[in-house]
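Trainee: I'd like to learn how to read cavities and pockets. Could you walk me through them?

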Amino acid sequence: PGGGAVLHDARLSRSHRTLRVQHHYFVTDGVFDGRAAADDVGARVVDPLLRRFLDDGRDAALLLFGQTGTGKTHTLREALDRLVGAFQGGGGPVQVRFLELAGKNACRDLLAGGKGVKLLSDEHEVVHFRGAVVVEARDGAELRRALDAGLALRASEETERNAASSRSHAVVRVEKRGGGAALTL
């Protein structure tokens, strides 16, 4: 229970002569290893985030990271299943974006057949997905269709450790209609 993660943010100057490193410490509610059951992660982590988002109308985020084969994609699927299940009980219409980041410059919109999207930051360093399709889901069935469409297009290939390893980073953003709270997975 509890803990944290350190992000070492290393940036090379435009001249490529100076390296600036900042260390960011993030407090976490918990850390699970690859042996943790998805249902345990779902009940202890995902469900409270969904309540925060759907019931309380506040932003929530779930970050999954780890080595190949540790269950990130499996846990993402469990989180999406729980989101659809929670959404069945209400929550109003939501807007969904589903993107894939792969390689140095590749950003694909998984709700638009893999069309390229640009990641741009504004003057406040908020990142925007320029050209990303927004799908509105009014009920659990529409939400399920959108999420399944995105999952089906994710890049995967066989690796030594995993027969269907995802070879990209997925970003799912669900927003309450009208610019309310956002859930980012």
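Trainee: How many nonpolar, polar and charged residues are in the lining of the largest cavity?

Mentor: Start with the classes: Ala, Val, Leu, Ile, Met, Phe, Trp, Tyr, Cys and Pro count as nonpolar, Asp, Glu, Lys and Arg as charged, and the others, Gly among them, as polar. Here the lining has seven nonpolar residues, with no polar and no charged ones. Bear in mind that this is a predicted model, where local features need pLDDT of at least 70, side-chain atom pairs count only at pLDDT 80 or more, and totals for chains, interfaces and linings use all residues. Numbering runs from 1 along each chain as its sequence is written, and side-chain values use heavy atoms, leaving out hydrogens and water.

Trainee: Which residues line the largest cavity?

Mentor: On a 1 Å grid over the protein atoms alone, a cavity is a set of points where a 1.4 Å probe fits but cannot get out, and lining residues have an atom within 4 Å of a point. The lining here is Val 46, Leu 49, Leu 50, Leu 62, Ala 79, Leu 183 and Leu 185. The volume is about 40 Å³, meaning the space filled by probe spheres set on the points, which are joined across faces, edges and corners.

Trainee: And what volume does the second largest pocket have?

Mentor: A pocket is an open set with protein on both sides within 12 Å along at least five of seven lines. This one has about 190 Å³. Its lining includes Arg 97, His 128 and Glu 175, and divides into four nonpolar, two polar and three charged residues.
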